[in-house]
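This briefing takes up an aromatic pair, a helix crossing and a sheet in turn. The sequence and the structure come before the notes.

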Amino acid sequence: RNHSATHLLHEALRQVLGDQVKQKGSLVESDKLRFDFSQDEPILQPDLDQVEAIVNEQILGNTEVNTELTDIKTAKKRGAMALFGEKYGEEVRVLSMGDDDFSVELCGGTHVQRLGDIGRFKITSESGIASGVRRIEAVTGLEAYQLDKNNEELFPCIANGQDKSKFEQFKAESNYLEEPLFQELNNDDSSSIFPTYGCSSRFG
C-alpha cells in the first residue's frame with residue numbers, strides 16, 4: 001500500500017513542482033512512508049495541499065495497477081521513469097497506475113492490485129535533509145484516517161480550553177499544520193471555530 005503511494009506521490013510532486021523533481025531515496029514501512037527528492041526550496045503549504053489532493057484523487061479513482069515485462073528501450077519510449085544510477089537488465093518491469101497512466105515507473109516491488117486499496121493518503125511532514133534535497137513523510141489507510149480523527153478531536157479541545165500549551169506542543173511536533181489555523185486558535189473568539197461537542201476527554 002505505502003509503496004504504491006510513493007509512486008503516486010512522486011508523480012504528483014512532478015505535476016505541482018515541475019519535472020526537475022527526481023527521487024533521491026525512499027523508505028516504505030507497514031505504517032508509514034518516506035520519500036526524498038530533489039528540490040531546493042521548502043514546499044509551500046498550498047502546494048503540499050495540492051499534492052495530497054492529487055494523490056487522493058487517484059486513489060478514489062480505484063483504477064487497476066498494471067505490470068508489464070518489456071525491454072528498457074520500449075519502457076523509456078512509454079515514458080517510464082527510471083531511478084538515477086540504477087542498473088537495469090535487458091528485460092524490465094514497467095508499473096503503471098492511475099487515470100491515463102498517471103504514473104509509469106520501472107519497479108520490481110510489491111504493490112496493491114487497485115489504487116482504492118490504499119484507502120487514503122495524508123502528508124505528515126515536509127523537511128530539508130540536505131542541500132537540494134527535501135523529504136516528505138506520509139501515512140495511508142487506517143493510519144491516515146486515525147490521524148485525521150485525532151486532529152478533529154484535538155483542535156476543539158484546545159480551542160475551547162484555557163491552556164494553549166497543548167496546541168503549541170502539537171504544532172511543534174507536526175510540520176503539516178496551516179499557520180492561519182494556529183492564528184485563529186489564538187484569537188479570543190476561537191471557540192466559535194470549533195464546537196465544544198467535538199472535544200474528546202483523552203486530550204483533556
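F37 counts as buried, at 0% relative accessibility, where buried means under 20% relative accessible area, exposed over 50% and partly exposed in between, for a 1.4 Å probe and protein chains only. The model is a predicted one, in which local features need pLDDT of at least 70 and side-chain atom pairs count only at pLDDT 80 or more, while totals for chains, interfaces and linings use all residues. Residues are numbered from 1 along each chain as its sequence is written, and side-chain values use heavy atoms, with hydrogens and water left out.

**Aromatic pair**

- F35 also counts as buried, with a relative accessibility of 1%.
- The count of aromatic pairs comes to one, under a rule by which rings of Phe, Tyr and Trp (its six-membered ring) pair if their centres lie within 6.5 Å, planes under 30 degrees apart being stacked, over 60 edge-to-face and the rest tilted.
- The ring centres of F35 and F37 are 6.0 Å apart and the ring planes lie at 20 degrees, so this pair is stacked.

**Helix crossing**

- Helix α1 (residues 2–17) and helix α2 (residues 45–61) have axes that come within 9 Å and cross at roughly 135 degrees; helices (H or I, at least four residues) and strands (E, at least two) are DSSP runs numbered from the N terminus, and axes are lines fitted to C-alpha atoms, for helices over the stretch in contact, with angles from 0 to 180 degrees between N-to-C directions.
- That angle makes α1 oblique to α2, since angles under 35 degrees count as roughly parallel, over 145 as roughly antiparallel, 65 to 115 as roughly perpendicular and the rest as oblique.
- In α1, residues including L8, L9 and A12 meet residues of α2, among them V51, I54 and V55, contact meaning heavy atoms within 4.5 Å.

**Sheet**

- An open sheet is formed by three strands in the order β3-β4-β5, with antiparallel pairing, where two strands pair if DSSP finds at least two bridges between them.
- Strands β3 (66–71) and β5 (103–106) stand at the edges with a single partner strand each, so one side of each has no neighbour in the sheet.
- From one strand to the next, the twist averages 25 degrees.
- Strand β4 (residues 91–97) is joined to β5 by four bridges, and M97 has S103 in β5 as its bridge partner.
- T67 lies in strand β3 and is partly exposed, with a relative accessible area of 47%.
- Leaving aside neighbours within four places in sequence, T67 is in contact with R93, V94 and L95.
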